[in-house]
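Here's a walk through one protein model, written for someone who would rather look at residues than read tables. Keep the viewer open as you go.

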Amino acid sequence: MSIIANLRYDRWINFAVASGVMCTAAVLTGALLVGDSMTGSLRGLTLDRLGSVDSILFAPHFIEPAVGKAEEDFEDVVYLSAAVEHNGSVCAAQILGIDAQHSNVLNGSGVEFAVNQALADKIAVEDGAELSLRFLSPQSIPPESALGRKDNLIRTTMTVRQITANSGIGRFSLKNNQQAEPLVIVPLEWLQRKLNAGGKVNAVLIKNSNAAELLPDTLASASLNNIGINITKKGGRFYITSQRLLFSAEQAAAVQKTLPDAESGLLYLVTAIKAVKNGREVPYSTVYCGETENVHWKDSTAAEAIQSESRPPIMLNRWTANDLAVQCGDEIELTWFAADNVNVTKTQKFTLTQIVDDSPSAAALVPEVKGLTDEASIAGWDPPFPFDAKKIRKTDEEYWDKHGAAPKVFVSFAAGRQLFAGRFGNVTTIISAETFHPAPGDAAVFGLNVVPVKALGLAASQGTTPFSVLFLSFSFFIIASALMLVVMLFRLSVEMKAAQIGIRLAAGWTPFSVMRLLLHEGLAISAAGSFAGVLFGILYARLMIYGLSTFWLGAVTVPFLTLHITALSLILGFTGSVFAAMLSIMFSLRKIVKTPVKRLLNGSITGLY
């Protein structure tokens with residue numbers, strides 16, 4: 001009698017067993033497909049959010065545009081955080097400045113003065129609405145430092161010409177989030193004018209991952225301004241300063257690695273230089289800590305002197321010494337703001353050990369500080385710290401006209417680090433006989449970092465635990481229950497076939513032959529049930545996703561899930577359910593062929609289980 005005939009003969013009980021297997025396959029396949037849908041939907045959001053963008057180069061300051069408008073692998077942008085206000089409602093958003101006429105990477109051609117639907121929904125924006133924008137301009141000097149500006153907030157308005165959907169460029173964001181982030185899209189040149197950036201940008205969108213690896217070093221080699229470095233040559237020496245005012249420890253090490261014979265120094269602003277013996281003061285001057293062409297320190301005892309509360313040595317230039325009417329051996333007191341807090345004032349007394357001649361290259365020791373060094377007079381200063389213009393004398397202005405912010409006071413580098421160094425660094429100036437050329441890899445040290453945003457987003461879409469495993473764990477008890485049902489139904493099938501099994505054994509069949517026949521029947525039933533279960537598993541997954549998008553929306557926050565069907569999950573669902581069902585069937589058959597033939601012929605297998 002063939003297997004097909006046997007299956008047809010016991011079709012009703014076989015149908016029941018196949019139904020149990022079908023439930024197992026449906027839940028198993030459905031759980032795998034829901035996991036695939038979660039991964040696929042998150043992956044789709046990442047690809048939609050970033051478009052062709054593979055990586056992004058960020059700069060802590062404005063840099064020169066990376067490429068010409070004909071380049072297809074790069075796109076220069078300005079990307080900032082902002083506050084957007086409309087009719088009294090305020091919303092945090094991102095501002096993206098792009099060249100709408102030559103948008104090669106983001107595909108934002110024709111999109112100007114637009115907001116995405118997420119922003120429009122938050123503050124009830126319509127076409128033609130007038131928005132108030134507030135954002136901070138990127139600045140080289142950290143705002144937390146004494147010379148960093150805290151008031152560089154820019155306020156402007158714009159009229160909304162378009163509301164874009166939360167897809168494509170309207171979803172552009174650097175956050176791995178299911179929700180679309182509020183976004184304002186404006187012309188690049190318009191935003192550059194508002195920022196007074198002069199055609200510069202603070203980010204480059206990169207389409208080609210191979211080009212991303214080379215771009216930072218290419219930009220650094222093209223212009224030292226791109227890594228925030230200024231170099232001035234005076235008297236045959238090169239004065240290297242940072243646009244951030246201070247070199248970080250890593251940055252100073254990178255320069256000194258290239259220029260091992262270079263000398264480091266620290267320049268700081270003091271609010272007063274005072275002669276203790278007569279009380280005369282020189283206001284708002286710079287002190288240089290280190291070696292110069294006419295200032296040389298024989299040892300580093302100044303730092304130890306400060307720690308022992310004695311008076312460390314100090315040098316004054318001749319103009320200052322004459323103005324204070326002091327000579328070597330007199331006490332000099334310096335007053336200054338703390339490096340990280342302008343509300344804290346510090347003082348230190350020194351012993352004047354030498355008076356040095358004014359040097360024509362002294363001004364090169366001073367880094368450029370907007371609002372200070374670029375002003376025509378001290379009275380025109382616009383500093384970010386408390387400033388009393390009434391203290392400025394005519395002689396101070398005359399010195400400024402001739403020497404600018406050139407230092408008037410000199411202490412050793414060791415003493416300067418003790419007194420003036422802050423958390424942002426302790427080197428402002430590096431002096432060398434050779435100029436500086438950044439080495440490969442230095443660009444990242446100076447802040448030009450490429451972030452592989454697409455790779456990170458796709459990795460995040462996988463989850464720390466695979467979503468398929470997660471949903472299988474949620475469905476474990478349902479799958480286990482279905483397999484228990486298969487075991488019970490197959491046992492019932494075996495009980496109904498007890499007499500048939502007994503006749504075969506009595507007719508000379510070996511137990512192995514009987515077992516093989518029953519396993520073949522079980523395999524056919526499992527395969528048929530699993531095939532049907534896979535089809536129902538697709539429906540099960542669709543229903544689950546519908547529930548997560550409607551009734552259980554709170555579990556995923558926003559309805560972003562779409563059904564993703566993968567061949568691997570269908571194959572795993574089919575083979576996994578067949579394998580599980582066959583294990584259950586083998587468990588049911590483990591004792592049946594060892595039962596005495598007489599009992600089987602009587603149709604009795606009671607007590608076997």
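## Before you start

This is a predicted model, so keep in mind that local features need pLDDT of at least 70 and side-chain atom pairs count only at pLDDT 80 or more, while totals for chains, interfaces and linings use all residues. Residues are numbered from 1 along each chain as its sequence is written, and side-chain values use heavy atoms, with hydrogens and water left out.

## The second largest cavity

Rolling a probe the size of a water molecule over the atoms shows where empty space is left. Here, a search of the whole structure turns up 4 cavities of 30 Å³ or more. A cavity is a set of points, on a 1 Å grid over the protein atoms alone, where a 1.4 Å probe fits but cannot get out; lining residues have an atom within 4 Å of a point. Grid points are joined across faces, edges and corners, and the volume is the space filled by probe spheres set on the points.

The second largest cavity holds about 170 Å³ of space. It is lined by 20 residues, and those closest to its centre are Leu269, Thr286, Thr373, Trp381 and Ala405. At least two lining residues come from each of strand 12 (263–275), strand 13 (281–289) and helix 9 (394–403); helices (H or I, at least four residues) and strands (E, at least two) are DSSP runs, numbered from the N terminus. Strand 13 gives the largest share of the lining, 3 residues. By class, the lining has 15 nonpolar, 4 polar and 1 charged residues. Nonpolar here covers Ala, Val, Leu, Ile, Met, Phe, Trp, Tyr, Cys and Pro, charged covers Asp, Glu, Lys and Arg, and the others, Gly among them, count as polar.

## Rings that meet

There are 7 aromatic pairs in the whole structure. Rings of Phe, Tyr and Trp (its six-membered ring) pair if their centres lie within 6.5 Å; planes under 30 degrees apart count as stacked, over 60 as edge-to-face and the rest as tilted. One of the pairs is Tyr268 with Phe420, stacked at 4.9 Å centre to centre and 15° between the planes. Tyr268 sits in strand 12 and Phe420 in helix 10 (residues 413–420), so this pair ties together parts that are 152 residues apart in sequence. Both Tyr268 and Phe420 are buried (buried means under 20% relative accessible area, exposed over 50%, partly exposed in between, with a 1.4 Å probe and protein chains only). Ring pairs also bring in Trp336, making a cluster of Tyr268, Trp336 and Phe420.

Then look at Trp319 and Tyr399: their ring centres are 4.7 Å apart with the planes at 50°, so the pair is tilted. The pair links distant parts of the chain, with Trp319 in helix 8 (residues 318–324) and Tyr399 in helix 9, 80 residues apart. Trp319 is partly exposed, at 21% relative accessible area, whereas Tyr399 is buried at 4%.

An α-helix has 3.6 residues a turn, so residues three or four places apart point the same way. In helix 6 (residues 249–258), the buried residues are Gln251, Ala252, Ala254 and Val255. They cover an arc of only 155° around the axis, which puts them on the same side of helix 6; the arc is that of the directions from the helix axis to the C-beta atoms. On the other side, Ala249, Glu250 and Lys257 are exposed.

In helix 12 (residues 453–462), Val453, Lys454, Gly457, Leu458 and Ser461 are buried. Seen down the axis, these buried residues fall within an arc of 130°, so they line one face of helix 12.

## Positive phi in two loops

Most residues other than glycine have a negative phi. Asn196 has a positive phi, near 55°, and lies in the loop between helix 4 (188–195) and strand 9 (201–206). Asn196 is exposed, at 61% relative accessibility. Leu245 also has a positive phi, near 75°, in the loop between strand 11 (237–242) and helix 6, but Leu245 is buried at 11%.

Note on methods. On a 1 Å grid over the protein atoms alone, a cavity is a set of points where a 1.4 Å probe fits but cannot get out, and a pocket is an open set with protein on both sides within 12 Å along at least five of seven lines; lining residues have an atom within 4 Å of a point.
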